[in-house]
Amino acid sequence: MGTRYFGEPVRRREDPRLLTGRGTYVDDVRPPLLLHAAVLRSPHARARISRLDASRAAAAPGVALVLTHADLPPALREPLPRLIPHPALVHHKTQYALAPGQVRHVGEPVAFVVAESRYQAEDALDLIDVAYEPLPAVTDLEDAVRPGAPLVHDDMGTNVCAEYTQRVGDPDAAFAAAPHVFRERLRMDRGAASPIETRGVVALWDAQTRELVVYDSTQAPIRIRNYLAALLGLPQNHVRVIAPDVGGGFGPKIMMCYPEELLVPHAAMRLGRPVKWIEDRRENFVSMNQEREQIHDAEIAVDADGRILAVRTRFLYDSGAYIPYGIIVPIVASTQLVGPYRIPNYECTFKAVFTNKVIVSPYRGAGRPHGCFVMERLMDRVARELGLDRAEVRRRNLIQPHEFPYDTGLIFQDNAPLIYDSGNYPALFARALELIDYEGWPAAQAAARREGRALGLGLALYVEGTGIGPYEGCRVTVEPSGKVYAATSVGTQGQGHFTSFAQIVADALGVDVADVTVTTGDSGAFGWGTGTFASRAAVVAGNAVALAARAVRDKALLVAARLLEARPEDIELAGGRAFVRGAPARSVALGEVAVAANPLRGTIPAEWEGPGLEASRYFAPPRGTFAAGCHAAVVEVDRETGALRVLRYVVVHDCGPIINPLILTGQIEGGVAQGIGNAFYEQIVYDPDGQVLTQTFMDYLLPTASEVPPVEIAHIETPSPLNPLGVKGAGEAGVIPVPATIASAIDDALGTRITQMPLSHQRLLELARRAPVGAAAGGAA
């Protein structure tokens, strides 16, 4: 038998290329005769456009094209596509490629200029004569739902675009009869994904073949291909969208589609020359989708022992000025809120609300951090009020291993029942408590307090919905050289697919992982699929890869059996060769098998599905899989400065069988870093007029290596019964519970009750100065 790669910490094959400057990002695409584009964006949060004259800009040196809404073809003058409709979303408003007569947030595109250089394009923007009539804007989420608030969309009569309720059991009766009910108002504010590579598009049009090639820093190249073909009037096989190396996606790059993703290809077709647009960092703060802002009024009913009787939340969700992605984020928040706990009675109602701010769509976590923050804050509140140990309250309410599959009674974002497929939450929790030394914490905290130090320990558990459909596909091909090529429909933004997918293929075909080349994110290489989002690539695409590789293996056994005059069941694949079991001298190279699978004469056996050592397969999961985990942290608060130091951070995670532990570690560490930013540093701030006050990294703070501690990671594995590999997703595991964990730790350090994230040095300083020295959080161990 050959080497088994699944489960091994194989180093990422793409890293040498990326780390030595040989990556290819969108801005590295520089075809001959390239033109450059720039976008004129609204300086107002809400205004009527009374005059728009671009004639001076069109006559400026080097300018090749100026577009306003009136200059677009009819298909591009309509609102952009509605991505995910929902019956509760009664006002599904989407933006325009260029604003037709009114702007609704700072940064909304008004005009598009193409010139010989970016400098000339930017200069031409200043020559466009626009007269705005400012209108009252609404930026505060609660103000937006009050009677008489300015309307983001005049034709609606309200700023509420959707209201949706899910209910399990009889929460009203449970609350009425409960011995204890505790209520909290909990808030998470806006943040930005801040990928190191901003958005960018390059389009090349061949008028002779009528073929369009688009390089796009996107998470969903195939969906972009589909939209471009429809809106530009082209056959799908004449549009190729390539997502090359993508410097971070985190959710907002799966917008499908931004105005620039249509304007750049349209301009290239119109001019017959390649066109490039690269978003600058300031643009990124006002034009790339954001996330996170929700306000929850939540309550929990428990008995005298802290066992949950009911939970209810009513919350507001800020969608920004438009809602192209639908109500996925609040649905995820409301359904993932229940976490790993038995909750016999549950009710969640949310209102999705328009404001004059940048559009909201999923960002890493996509509602899960909100749900986790609410539930874990409630659990800490129960412990504090009843004088119980925080860990014990959680332990008493955990779903037990024998209860899987566990039906929560809710409907998830994929419109399928939210049923936890597998897990062992008590074992996972126990391991986290062991690693953080929970039993020894009271003594350690007391010793620190004697030294005048404010240390706290925080805990948070979560369940992560992953691996949703509808499907993904893969084609695996063995070339006559013996090299193996796999092309799949998902894109890659740092997840390590080039390595992890190669490990799956290498195991199935008995070849060295170095002999497997994986192509992702190119609609010309594989044309069917959905995209990379929602922690689904390893589950959905990974299983498609496995199915395709196994189909190629089956064909290789049949062909090799004919060559070696043996039965297929007696053939083994290892070391890049096919050989007869028990007689390794009787063997043939896998490349020779590939040649024999495409004969020049004779007939193809009936059991072959086609010529070549190649197969395509698709995987469509019946519903999502559910990973889970627990985070624990020890923090120190400086009472004099409001500084926060994370001294230890522990993650125990269950995503089923691990394909590559090295890659998984990187995913979790990166998520924790983003979560620390969400908890303490990163906040998009708007003034009452809708101006973004945080448009540079001097104002919008990102955590650095100094603020992110080493992360101690452990795993348990409960395979999913819903896919052949048994895997679950892990892309958002690191970020989900971090704000809840940090809040719990600060409470323990200062005796406070944190109800809003992110915090800041100033806010934490105010809390620290008000907290009595030596204060301990109720319910601490």
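Residues are numbered from 1 along each chain as its sequence is written, and side-chain values use heavy atoms, with hydrogens and water left out. Because the model is predicted, local features need pLDDT of at least 70 and side-chain atom pairs count only at pLDDT 80 or more, while totals for chains, interfaces and linings use all residues.

**Domains**

The domain assignment, which is automatic or taken from a database, gives domain 1 (26-135 + 198-246 + 252-287), domain 2 (294-468 + 623-770) and domain 3 (469-619). The centres of domain 1 and domain 2, taken over C-alpha atoms, are 37 Å apart. Their contact (heavy atoms within 4.5 Å) takes 27 residues from domain 1 and 27 residues from domain 2.

The size of an interface is often given as the accessible area lost when the parts come together. Domain 1 and domain 2 bury about 2400 Å² between them, 68% of it on carbon and sulfur atoms; this buried area is the accessible area (1.4 Å probe) that two parts lose on being put together, summed over both. Between domain 1 and domain 2 the count of salt bridges is zero.

**Thr532**

Thr532 lies in the loop between strand 21 (516-519) and helix 16 (537-564); helices (H or I, at least four residues) and strands (E, at least two) are DSSP runs, numbered from the N terminus. At 4% relative accessibility, Thr532 counts as buried, where buried means under 20% relative accessible area, exposed over 50% and partly exposed in between (1.4 Å probe, protein chains only). A polar atom of the Thr532 side chain lies 2.5 Å from the backbone oxygen of Gly491. Not counting residues up to four places away in sequence, Thr532 touches residues including Gln219, Ile254, Val490 and His497.

**Salt bridges**

The structure holds 60 salt bridges, each a side-chain nitrogen of Lys or Arg within 4 Å of a carboxyl oxygen of Asp or Glu. Three of them are listed here.

| Pair | N to O distance |
|---|---|
| Asp245 and Arg17 | 2.6 Å |
| Arg41 and Glu260 | 2.8 Å |
| Lys253 and Glu197 | 3.4 Å |

Asp245 and Arg17 form a salt bridge. Asp245 lies in the loop between strand 11 (239-242) and helix 8 (259-271) and Arg17 in helix 1 (residues 15-19), so the pair ties together parts 228 residues apart in sequence. Asp245 is buried at 12% relative accessibility, whereas Arg17 is partly exposed at 26%.

Arg41 and Glu260 are both buried. These two residues also belong to a network of salt bridges that links Arg41, Arg118, Glu122, Arg199, Glu260, Glu279 and Glu283.

Notes:
Polar contact = N/O pair within 3.5 Å; in protein donor to acceptor, adjacent residues only side chain to side chain.
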